[in-house]
Amino acid sequence: RPPFQLMDLEGAVQLLNDGLLDVRKLPEGHQLASHMAATVNVALVGIRQALLASGRYTAAEVPLLGETAEAASWQRQLDEAVEWGFGHTPGVWKLSVAGGCCGGKTQSMKRVIGALEQRNSSLRAFATREIATLLFRHGAMSGGSYHPFVPEEYDEFTIQSEVLQIAWEGIWARGAAMAASAVGAQAVLLTDRDAVDSR
């Protein structure tokens, strides 16, 4: 099974940029990227701990790769991002794109973003990324193969995915509000699923 790979700051910047949010241009961009990395890393550590607690693997069999120097601040950053996610962000409309695995959510989001921006030049559209795919790429659930299936890992994966959904909605909404207001626009945030439908 693959190792767990922590997210670094550059990976977080790229993830946000993939969602049309260029945090390098925002006054709080470094903070947003730092929070993004922290939220992902708390999830990965929690999933890995559940896997280890199952007794099926040792730490040597499921290594955790990446820098942990900032680990002491990760939980605080996650808590703050979750607060943002539960809050209302003025000037940001949220649209959830729901559907099953490989149901065309990502492609639909691209089309909706294009249509929104074409019809109203005073809108800036942003889109969260899919959480499950990101966690798979960083080692969760055997890289997405679910083989061998470990119920304890799956349970924690489900919990952490829900927490991440709330935190990401907060991080992206905060960044979208900053980016849109900088150019006098309103923001629309498309989420891949949402906190109510994150399955």
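Colleague: Which residues does Ala81 touch, not counting residues up to four places away in sequence?

Modeller: A word on the source comes before the reply. This is a predicted model, in which local features need pLDDT of at least 70 and side-chain atom pairs count only at pLDDT 80 or more, while totals for chains, interfaces and linings use all residues. Residues are numbered from 1 along each chain as its sequence is written, and side-chain values use heavy atoms, with hydrogens and water left out. Contact means heavy atoms within 4.5 Å. By that rule, Ala81 touches His35, Thr39, Ile166, Ala167, Gly170 and Ile171. The C-alpha atoms of Ala81 and Gly170 are 5.7 Å apart in space, although the two residues are 89 apart in sequence.

Colleague: Is Ala81 buried or exposed?

Modeller: Buried means under 20% relative accessible area, exposed means over 50%, and partly exposed lies in between, with a 1.4 Å probe and protein chains only. Ala81 counts as buried because its relative accessibility is 0%.

Colleague: In which helix is the place of Ala81?

Modeller: Helices (H or I, at least four residues) and strands (E, at least two) are DSSP runs, numbered from the N terminus. Ala81 belongs to helix H3. The expected span of a helix is 1.5 Å times one less than its number of residues. For the 16 residues of H3 (residues 71–86), the span should be 22 Å, and the end C-alpha atoms are 24 Å apart, which agrees.

Colleague: Against which elements do the buried residues of H3 pack?

Modeller: Ser73, Trp74, Gln77, Leu78, Ala81, Val82, Trp84 and Gly85 are buried in H3. The partners of these buried residues are helix H2 (29–53), strand E3 (92–97) and helix H6 (151–182). Thr39 counts as buried because its relative accessible area is 1%. With neighbours within four places in sequence left aside, Thr39 is in contact with Leu78, Ala81, Leu164, Ala167, Trp168 and Ile171.

Colleague: How many aromatic pairs does a search of the whole structure find?

Modeller: A pair of aromatic rings is described by the distance of the centres and the angle of the planes. Rings of Phe, Tyr and Trp (its six-membered ring) pair if their centres lie within 6.5 Å; planes under 30 degrees apart count as stacked, over 60 as edge-to-face and the rest as tilted. The search finds 5 aromatic pairs. One of them joins Tyr146 and Tyr154, a tilted pair with 6.3 Å centre to centre and 50° between the planes. Phe149 and Tyr154 also form a tilted pair, at 5.7 Å and 45°. Ring pairs link Phe136, Tyr146, Phe149, Tyr154 and Phe157 into a cluster. Tyr146 is partly exposed at 30% relative accessibility, as is Tyr154 at 34% and Phe149 at 42%.

Colleague: Over which ring does the charged end of Arg1 sit?

Modeller: A charge sits over a ring if NZ of Lys or CZ of Arg is within 6 Å of the ring centre and within 35 degrees of the ring normal. The charged end of Arg1 meets this rule over the ring of Tyr57, 5.3 Å from its centre.

Colleague: Where is the place of Glu130, and which residues does it touch?

Modeller: Glu130 is in the loop between strand E4 (123–127) and helix H5 (131–137). At a relative accessible area of 23%, Glu130 is partly exposed. Residues up to four places away in sequence not counted, Glu130 touches Lys105, Trp168, Asp192 and Arg193. A polar contact is a pair of N or O atoms within 3.5 Å; within protein, one must be able to donate a hydrogen and the other to accept it, and residues adjacent in sequence count only if both atoms are side-chain atoms. The side chains of Glu130 and Thr133 are joined by such a contact of 2.5 Å.

Colleague: In which sense do E4 and strand E5 pair?

Modeller: Two strands pair if DSSP finds at least two bridges between them. E4 and E5 (residues 186–192) pair in the parallel sense over 5 bridges, with Leu123 opposite Gln186 in E5. Because 4 of the 5 residues of E4 are buried, E4 is largely enclosed by the rest of the structure.

Colleague: Which residues does a cis peptide bond join?

Modeller: His147 and Pro148 are joined by a cis peptide bond, with omega about -5°. Pro148 lies in the loop between H5 and H6.
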